[in-house]
Structure formats: C-alpha cells, structure tokens
Amino acid sequence: MSTPHIAAEKGQIAKTVLMPGDPQRAKFIAETFLENTDEINRVRGMLGYTGTYKGKPVTVMGSGMGMPSIGIYSYELFTHFDIDAIVRIGSAGGYRDTLKLFDIILVTQAYSESTFARSQNGFSGNHIPSDESLNSRIRESAAKLGYPLVEGTIHSSDVFYHAEKEGSSPDGDEQYWQQVMREQNCLGVEMESFALFHNAKVTGKKAACIVTVSDLFSVEQRATVEEREKGFTRMMEVALGIL
C-alpha cells in the first residue's frame, strides 16, 4: 500500500535501498548502473527506481535534504514497505585537513545536536552508530574495487548556513565547525545520517552511510558541478557492490 509520500505498492521496493539526497542522482544511478528498471515513485519529485545490479534487486531513491526529509522517507520505507536496509550515499564537507576532495568516508557513527531523535521517541543521546554488518560489506566492496575508505564520526547538522553567534568576537575565535571537529572528533559534516540511523534503531532495521567529500573547510576548496558528477561514481559502485 502506498503512503502519502511514496506511491509504490508493496513488492515494488527491494529489501535494500540506496538513498542519495538528490533525486536526480537516484535517476543517474538507475540509468547508469541498473537493468530492468521501473520508476516506483515521483511524488513531490522524489524519484525512486527499482531494478537489478548484476542480477540482484535494488531500489535507489532520493531522500531530500536534511533530517526531517530523510526521516519521513526512511521511516516509511522501514515500516510500510518492510525493507531490511538503507545505505545513504551522499556528499559531505570535510573538516580535517587530512582529507582530500572525493575521499569516500564510511560513517561509523553520527553525532548531532539535533532534537530529531528526542522529538521522535525521547532518545536523549547525541551519537548513534551505523550497522556494523553493513559496514563490513561496504569495506569488502571497496577493497574489491581498490577504493580506499576513511572511517569515522560524521557531524549531522540541522544548519547549512551558520551565522555568527551573538556576543562572539570574530577574529581569532574558533569557528563552530572547528569546535565540533575537536570536541566530537568528527571528520566532516552532512545533514541526514543521524535521523537515518535513529529510524533504523527504533524500527529494528539496518542503516549505513558512505559520503564523498565535495568540499573542504580548512582550505575553502570546493568541487565543481561537473567534478561532483564524475567523482561520486566510485561511491555508487561501492554501495552497489554490497548487494
């Protein structure tokens, strides 16, 4: 049965879902890598496709930006469509100067100051781990492809544009991202993993996340649109390799 946000019927969505933030990236994956593809959703422009990769069924579907958006789609997928696992495949800003553009980060846990989990079911923690069994399959897939992974904690933020805090004096002060990097040992920042991991936790399902570094905070370096399109394909191959 369809939901207010997903038009598919039960049986049209595979047990494993790969979830980029951008619905156009879901379309790109379906057209580039999958066979026997059917469009299973376009409600609100959130494109989703089910097909096969090397004979294995898989669904790719956009999540939109931010925790409220992925929170809706992942919860409906876990509960209404009874899928087993979601792997987020997205982009991240790199905090650490050891990172390079297009490095692939395997997120072992998400840190967030968000109230998403507290509002959803009263969970008061700030750290939620990803599923280790999925992480092991991601490591194996990356190793077979010869693509290195950087592993660690990601900062899942509700805010993309941080304004200067009231009462702070600018010059010489530690910026907020530097504080989060230091205090929470975060590799970088994105906006979805914490909600995804929490929904997996409360529904008894599995979730993981790999992200490609699309920009660097320490040197103010950013990939172009064209570079992002080409540079993200390695991450997509790693995710598809877990099937």
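**Entry 1. The second largest pocket**

I looked up which element gives the largest share of the lining of the second largest pocket, and found that it is α4, with five residues. The model I am reading is a predicted one. I noted a volume of about 250 Å³ for this second largest pocket. Its lining has 13 residues, and I recorded Ser141, Lys144, Leu240, Gly241 and Ile242 as the closest to the centre. I then checked which helices contribute at least two lining residues each; α4 (132-145) and α8 (233-240) both do.

**Entry 2. The protein as a whole**

I recorded eight helices and 11 strands in the secondary structure. For the C-alpha trace I noted a span of about 55 × 40 × 30 Å along the principal axes. I compared the radius of gyration with the globule rule: a compact globule of 243 residues would have a value near 18 Å, and the protein has 18 Å, so the two agree. Of the 243 residues, 51% count as buried. I also looked at how far apart in sequence the contacting residues lie. Among contacts with a separation of 6 or more, 77% are between residues 24 or more positions apart.

**Entry 3. Strand β1 and its two partners**

I examined the side chains of β1 (residues 16-19). Thr16 and Leu18 point one way from the strand, Val17 and Met19 point the other way, and all are buried.

Which strands does β1 pair with? I found four bridges from β1 to β5 (residues 85-94), running parallel. I found two bridges from β1 to β4 (residues 56-61), also in a parallel arrangement.

I followed leucine 18 into each partner. In β5 its bridge partner is valine 87, and in β4 the bridge partner of leucine 18 is valine 60. For valine 17, I noted threonine 59 as the bridge partner in β4.

**Entry 4. The β3-β4 hairpin**

I turned to the pairing of β4 with β3. Six bridges join these strands, and they run antiparallel. I noted that tyrosine 53 stands opposite lysine 56 in β4. The two strands form a hairpin with two residues between them, and lysine 54 in the turn has a positive phi of about 55°.

**Entry 5. Further residues with positive phi**

I looked up the surroundings of arginine 44, whose phi is near 60°, a positive value in a residue other than glycine. Arginine 44 lies in the loop between β2 (35-41) and β3 (48-53). Is arginine 44 buried or exposed? I found a relative accessible area of 70%; this is over the 50% cut-off, so arginine 44 counts as exposed.

Aspartate 82 was the next residue I examined. It is not a glycine, yet it has a positive phi of about 55°. I located aspartate 82 in the loop between α2 (67-79) and β5.

**Entry 6. Helix α6**

I checked how far helix α6 (residues 193-203) is covered. Eight of its 11 residues are buried, and the helix is mostly covered. I listed the buried residues of α6 as Ser193, Phe194, Ala195, Leu196, Phe197, His198, Asn199 and Ala200. Just after α6, I noted that glycine 204 takes a positive phi of about 75°.

**Entry 7. Glutamine 221**

I located glutamine 221 in strand β11 (residues 221-222). At 39% relative accessibility glutamine 221 is between the cut-offs of 20% and 50%, and therefore counts as partly exposed.

Which residues does glutamine 221 touch, not counting those up to four places away in sequence? I found Leu101, Asp215 and Leu216. I also looked up its separation from lysine 15. Glutamine 221 and lysine 15 are 206 residues apart in sequence, and their C-alpha atoms are 37 Å apart in space.

Note on methods: Residues numbered from 1 in each chain as written. Predicted model: local features only at pLDDT ≥ 70, side-chain atom pairs only at ≥ 80, totals over all residues. Heavy atoms only, no water. Buried < 20%, exposed > 50% of the residue type's maximum accessible area, 1.4 Å probe, protein only. Pairing = 2+ DSSP bridges. 1 Å grid on protein atoms, 1.4 Å probe; cavity = no way out; pocket = protein on both sides within 12 Å on 5 of 7 lines; lining within 4 Å. Points joined across faces, edges and corners; volume = space filled by probe spheres on them. Rg over C-alpha atoms; globule rule 2.2 N^0.38 Å. Contact = heavy atoms within 4.5 Å.
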